[in-house]
Protein chains: 2
Amino acid sequence: MQAALATRRSVLEAAADLASVEGLDSVTIGRLAEMLDMSKSGVIGQFGTKEALQLETVELVFAAFRARVWDPVKRLPPGLPRLLAACEAWVKYAADPGYPGGCLLTQVTYDYDARSGPVHERLVEGRQLWRDVLRTDLEIAVDSGDLPSGTDVRAAIYGLESLAAFVTPARLLHGDDRAVEQALACMRRILDVAPARS
Amino acid sequence: MQAALATRRSVLEAAADLASVEGLDSVTIGRLAEMLDMSKSGVIGQFGTKEALQLETVELVFAAFRARVWDPVKRLPPGLPRLLAACEAWVKYAADPGYPGGCLLTQVTYDYDARSGPVHERLVEGRQLWRDVLRTDLEIAVDSGDLPSGTDVRAAIYGLESLAAFVTPARLLHGDDRAVEQALACMRRILDVAPARS
DNA sequence: CCTACCGATCGGTAGG
DNA sequence: CCTACCGATCGGTAGG
């Protein structure tokens, strides 16, 4: 029983590692079996089908995002303070996600945006939740006067999502080790907040 | 001879259509053959190997980007005017790329950022060329006083790339039909240029 | 969790 | 450009 749970976890960890580099589609049962020195039936037996394994991998991704980005900031004062802390945690997570191929949420976002099916649906749902979190703090920040009253909240959300999602390609394609600082600087410009002192 | 050229083109077009939705890896010889009502050897015979077909598809992508984004603006006055026109063409191209699954350059960027091999290498090279174009106009705009002298050129490039690359997921995941306007609004904020009148 | 196996599909080749 | 075929790998199942 405990052993089966440990197996599940190790399979999911291997799947996440592989998916971060080559995408969720390249996570085949045979390759996982080889990585883990298991039989194919041992790998898939825990999940039933490859699609179920993919969906559980996506759940792992959202859980990691929540643990690394939202949980550390959620008790801060709602509005601009929490929003800025969330953006910083977000961008830093994207730069150091614990997977060899970069932030898996980013990977899945661009890989499954144009497809249909349960992974796409779950992705939309998860990202929408995060959009709602951002919107809440943006609206509070506007109402409280921390952001200008003319702020375009939807455009700001779009901008924050864009800037966080480019950390991985900037680092991996161009070796851009200042991606975190550049993303945060652009975020502050979009929010019309003065640059932080370093 | 002419017929062979026409076949090449139709294979590459089908490959680009398929890749835009499911990624370059899902472009298999068998699926292309089925789409085009050809034999597998007829499809691959024009290219030799699947990797060669992938690389030619990537070339098609860069050629389309050049034709739709750079060629229409390259004769405008260098500096801020050309930069803003390029950004507009860029974002509009991303929103209407002529492929069913969205901008293929964006797709390939996020799909191959973490992998090694010739597609990755070609991608880095192509994106670097575009970065250099952006940098040139940014520096001219700063030198001429159209942009503030303290402008962080590298952060601006990062921001423009990010915002252009999020058009596709914003549209496909959230049905965001204002992605173009939101991306352009954020670009102007990053550049510290007054919003355009509508 | 294993071995052994299934039909389908993969990239690619031989020969025409 | 075609048919016919190759070994490898795919997702998944039977039986234990």
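Me: Which residue of chain B forms a salt bridge with Asp176(A)?
Reply: Quick heads-up: this is a predicted model, where local features need pLDDT of at least 70, side-chain atom pairs count only at pLDDT 80 or more, and totals for chains, interfaces and linings use all residues. Residues are numbered from 1 along each chain as its sequence is written, chains are lettered from A and ligands numbered from 1 in the order in which they are written, and side-chain values use heavy atoms, with hydrogens and water left out. A salt bridge here is a side-chain nitrogen of Lys or Arg within 4 Å of a carboxyl oxygen of Asp or Glu. With the closest N and O atoms 3.7 Å apart, the partner of Asp176(A) is Arg131(B).

Me: How many salt bridges are counted between chain B and chain A?
Reply: Over all chains, the whole structure holds 28 salt bridges. Between chain B and chain A, the count is six.

Me: Which helix of chain B gives the most to the side that touches chain A?
Reply: Contact means heavy atoms within 4.5 Å, and by that rule chain B and chain A put in 45 residues each. Helices are DSSP runs (H or I, at least four residues), numbered from the N terminus. Across this interface, 15 residue pairs are in polar contact, both at pLDDT 80 or more; that term means a pair of N or O atoms within 3.5 Å, where within protein one must be able to donate a hydrogen and the other to accept it, and residues adjacent in sequence count only if both atoms are side-chain atoms. With eight residues, the top contributor on the chain B side is helix 8.

Me: What area do chain B and chain A bury between them?
Reply: Buried area is the accessible area (1.4 Å probe) that two parts lose on being put together, summed over both. Carbon and sulfur atoms carry 60% of it here. The total for chain B and chain A is about 3,900 Å².

Me: Which helix gives the most to the surface near DNA strand C?
Reply: "Near" means that one of a residue's heavy atoms lies within 4 Å of the strand. Thr28(B) has a side-chain N or O atom 2.7 Å from a phosphate oxygen of DNA strand C, while Lys50(B) uses a backbone N or O atom at 2.5 Å from a phosphate oxygen. Ser41(A) instead places a polar side-chain atom 3.0 Å from a base oxygen. With three residues, the biggest giver is helix 2 of chain B.

Me: Is Arg82(A) buried or exposed?
Reply: Arg82(A) sits in helix 5 (residues 80–95) of chain A. Its side chain reaches the backbone oxygen of Lys74(A) at 3.1 Å and makes a 2.8 Å polar contact with the side chain of Asp137(A). The cut-offs are under 20% relative accessible area for buried, over 50% for exposed and partly exposed in between (1.4 Å probe, protein chains only). Because its relative accessibility is 11%, Arg82(A) counts as buried.

Me: Which residue meets Glu88(B) in a salt bridge?
Reply: Both partners lie in helix 5 of chain B, four residues apart, about one turn of the helix. Glu88(B) is partly exposed at 36% relative accessibility. The N to O distance is 2.9 Å, and the partner is Lys92(B).

Notes
Helices (H or I, at least four residues) and strands (E, at least two) are DSSP runs, numbered from the N terminus.
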